[in-house]
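Let's take a friendly walk through a protein model together. Have a look at the sequence and the structure first, and then read on.

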Amino acid sequence: MVITFPPPSRLHFKLSDRLPTVVPRRSRSELRPDLLSLRSSTLKLILTYLLTTPTPLVLRRDASTPASYRTDLTVSVLLVNRRLYHLALPILYGANTFTTSSAATSYDFDAHLLATPGRFRAMIRSVELNINWGDRLWAKMPLVAAKLLELKGLKSLKLHIIVGGGEVESGEAIRTGMVTRRGRAEGEGFMAVAMLKAEKKVLRELVEGLKGLRVFELKGFVDGGFARNLEEWIARGRKG
């Protein structure tokens, strides 16, 4: 049997604004009975088309969200009935990658996660954060890492260090460059080394604590060897 249905109407997706937090009541559905009679496996394929995007989803939109940001997802399907609601939620949260509006707002990613209901957080499988060394994130990184560690089902974590314009590069060594440059005050060098050591400790404990992690990326980190070792350790299945 060949099933045909018209292209769905697309809505401007705002995760925090449009996602229902209450399970729909049982009511008459506007969908055709033959569509609702489909097997769950078939409905999941349809829902995957409606509710997934290759573009990372902003977990919480704010003033720094680019005006051009637009992700078209038909989230209204969650309001149809209880069956579609329960089938759709794991797809919406589990098959998409979540991020923040900008590198600067990565500082508040722990708050964004905290504002997301726990049953939804538990479904998140992929997170990607762009981190600007110029902001205050690393001073708060232990709190962000603690919230990431609560995502027990997380399978993919990508952390990209950026500089000013948004490019991923090793230029953030400007901040820790005092470690290698000669002629700088000894106190500054010691502080930079201590900061780097603390950052590596947080990252190592984060990766080790996410037991289900299968993909890890750390791009632009000042210690490239450390980053590669963590990435390869996860790629090898935590062996070696």
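## The overall picture

Among contacts in this protein (heavy atoms within 4.5 Å) between residues at least 6 apart in sequence, 76% join residues at least 24 apart. The protein contains 10 helices and 6 strands. Helices (H or I, at least four residues) and strands (E, at least two) are DSSP runs, numbered from the N terminus.

This is a predicted model, in which local features need pLDDT of at least 70 and side-chain atom pairs count only at pLDDT 80 or more, while totals for chains, interfaces and linings use all residues. Residues are numbered from 1 along each chain as its sequence is written, and side-chain values use heavy atoms, with hydrogens and water left out.

## How confident is the prediction?

The predictor's confidence in each residue is called pLDDT, and it runs from 0 to 100. Its mean over the protein is 75, and 67% of the residues reach 70 or more. Which elements have the lowest and the highest mean pLDDT? The lowest, 39, belongs to helix H8 (residues 173-176), and the highest, 96, to helix H10 (residues 224-235).

## Surface and core

A residue is called buried when its relative accessible area is under 20%, exposed when it is over 50%, and partly exposed in between (1.4 Å probe, protein chains only). Of the protein's 240 residues, 41% count as buried. The protein exposes about 13500 Å², and carbon and sulfur atoms supply 55% of that area. Accessible areas come from the Shrake-Rupley method with a 1.4 Å probe; for residues, only the protein chains shown count as cover.

In soluble globular proteins, nonpolar side chains tend to be buried together. A nonpolar core is a set of buried Ala, Val, Leu, Ile, Met, Phe, Trp, Tyr and Cys residues joined through side-chain atoms within 4.5 Å. The largest one here has 53 residues, and those with the most contacts inside it are Leu51, Val127, Leu148, Leu157 and Phe216. Helix H4 (residues 82-94) supplies the largest share of this core, 8 residues. Leaving aside neighbours within four places in sequence, Leu157 is in contact with Val127, Leu148, Leu206, Leu210, Leu213, Val215, Phe216 and Glu217.

## Helix H3 and its Leu47

Helix H3 (residues 40-51) has 12 residues and reaches 16 Å from its first C-alpha to its last, close to the 16 Å expected at 1.5 Å a residue. That expected span is 1.5 Å times one less than the number of residues. Which residues of H3 are buried? They are Leu43, Ile46, Leu47, Leu50 and Leu51. Seen down the axis of H3, these buried residues fall within an arc of 120°, so they line one face of the helix. The arc is that of the directions from the helix axis to the C-beta atoms.

Leu47, which sits in helix H3, counts as buried because its relative accessibility is 2%. Its contacts, leaving aside neighbours within four places in sequence, are Val77, Leu84, Leu87, Ala88 and Ile91. Leu47 and Leu92 are 45 residues apart in sequence, yet 8.6 Å apart in space, C-alpha to C-alpha.

## Helix H10 and what follows

H10 has 12 residues and reaches 16 Å from its first C-alpha to its last, close to the 16 Å expected at 1.5 Å a residue. In H10, Phe226, Ala227, Leu230, Glu231, Trp233 and Ile234 are buried. These residues cover an arc of only 160° around the axis, which puts them on the same side of H10. On the other side of H10, Asn229 and Ala235 are exposed.

Just after H10, Gly237 takes a positive phi of about 75°. Arg238, in the segment after H10, has a positive phi of about 65° although it is not a glycine. Arg238 is partly exposed, with a relative accessible area of 22%.

Thr116 lies in the loop between helix H5 (109-114) and helix H6 (118-121). Is Thr116 buried or exposed? At 8% relative accessibility, Thr116 counts as buried. Not counting residues up to four places away in sequence, Thr116 touches Leu59, Tyr93 and Arg121.

Lys200 is found in helix H9 (residues 186-209). Leaving aside neighbours within four places in sequence, Lys200 is in contact with Phe221, Asp223 and Phe226.
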